[in-house]
Amino acid sequence: MKRFLKEFKEFALRGNVMDMAVGIIIGGAFSGIVASLTDNFINPILNELTGNAVYTKTEVLGFVSAFLSSVVNFIIMAFILFCLVKAINKLMSFGKKKEEPAAPTTKLCPYCKSEIPIDATKCAHCTSILEEKHD
């Protein structure tokens, strides 16, 4: 059972699944902005142009405030998701060891500044004999 739970945790917290979940949630929040734009701007403008309705300043301000409310809701949702994903990424990195940088395999020739193998005693580019540094 422990192995099953460990495998499920690895699956659920894998990058692709988290990205998809965030995308679905952000898409749902963004659909609220699109619906509000349609309901509070496009439809009233079309109604005004076709003569189906005449709106007062109070109604227009209500449309604007409803749209701004949906934008603020989207921004809050995006911020919460950002903080959540950042926290999950930090939790996932606790058990991992940092990789040490690999030892260099090349060095620069002091004469021609070409890149040569680290253990070379003669430069292949300028044929200079390289002095060995003795410690």
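## Basis of the model

Because the structure is a predicted model, local features need pLDDT of at least 70 and side-chain atom pairs count only at pLDDT 80 or more, while totals for chains, interfaces and linings use all residues. Residues are numbered from 1 along each chain as its sequence is written, and side-chain values use heavy atoms, with hydrogens and water left out.

## Overall form

The protein has three helices and two strands, where helices (H or I, at least four residues) and strands (E, at least two) are DSSP runs numbered from the N terminus. Read from the N terminus, these elements follow the order α-α-α-β-β. The radius of gyration, taken over C-alpha atoms, is 31 Å, well over the 14 Å that the globule rule gives for 135 residues, so the protein is more spread out than a compact globule; the rule itself is 2.2 Å times the number of residues to the power 0.38. Along the principal axes, the C-alpha atoms fill a box of roughly 90 × 50 × 20 Å.

## Surface and contacts

Of the 135 residues, 15% count as buried, a term that means under 20% relative accessible area, with exposed meaning over 50% and partly exposed lying in between (1.4 Å probe, protein chains only). The protein exposes about 11,300 Å², of which carbon and sulfur atoms supply 65%, the areas coming from the Shrake-Rupley method with a 1.4 Å probe. Among contacts (heavy atoms within 4.5 Å) with a separation of 6 or more, 30% join residues 24 or more positions apart.

Helix 3 covers residues 57–92, and its 36 residues should span 52 Å at 1.5 Å a residue, which agrees with the 52 Å between its end C-alpha atoms; the expected span is 1.5 Å times one less than the number of residues. The buried residues of this helix are Phe63, Phe67, Ser70, Phe74, Leu81 and Ile88. An α-helix has 3.6 residues a turn, so residues three or four places apart point the same way.

Cys83 also lies in helix 3, and with a relative accessible area of 34% Cys83 is partly exposed. Its C-alpha atom is separated by 29 Å from that of Val64, 19 residues apart along the chain.

## Lys122

Lys122 is found in the segment after strand 2 (115–117) and, at 49% relative accessibility, counts as partly exposed. Leaving aside neighbours within four places in sequence, Lys122 is in contact with Thr127, Ser128, Ile129 and Leu130. Lys122 and Cys109 are 13 residues apart in sequence, and their C-alpha atoms are 8.9 Å apart in space.
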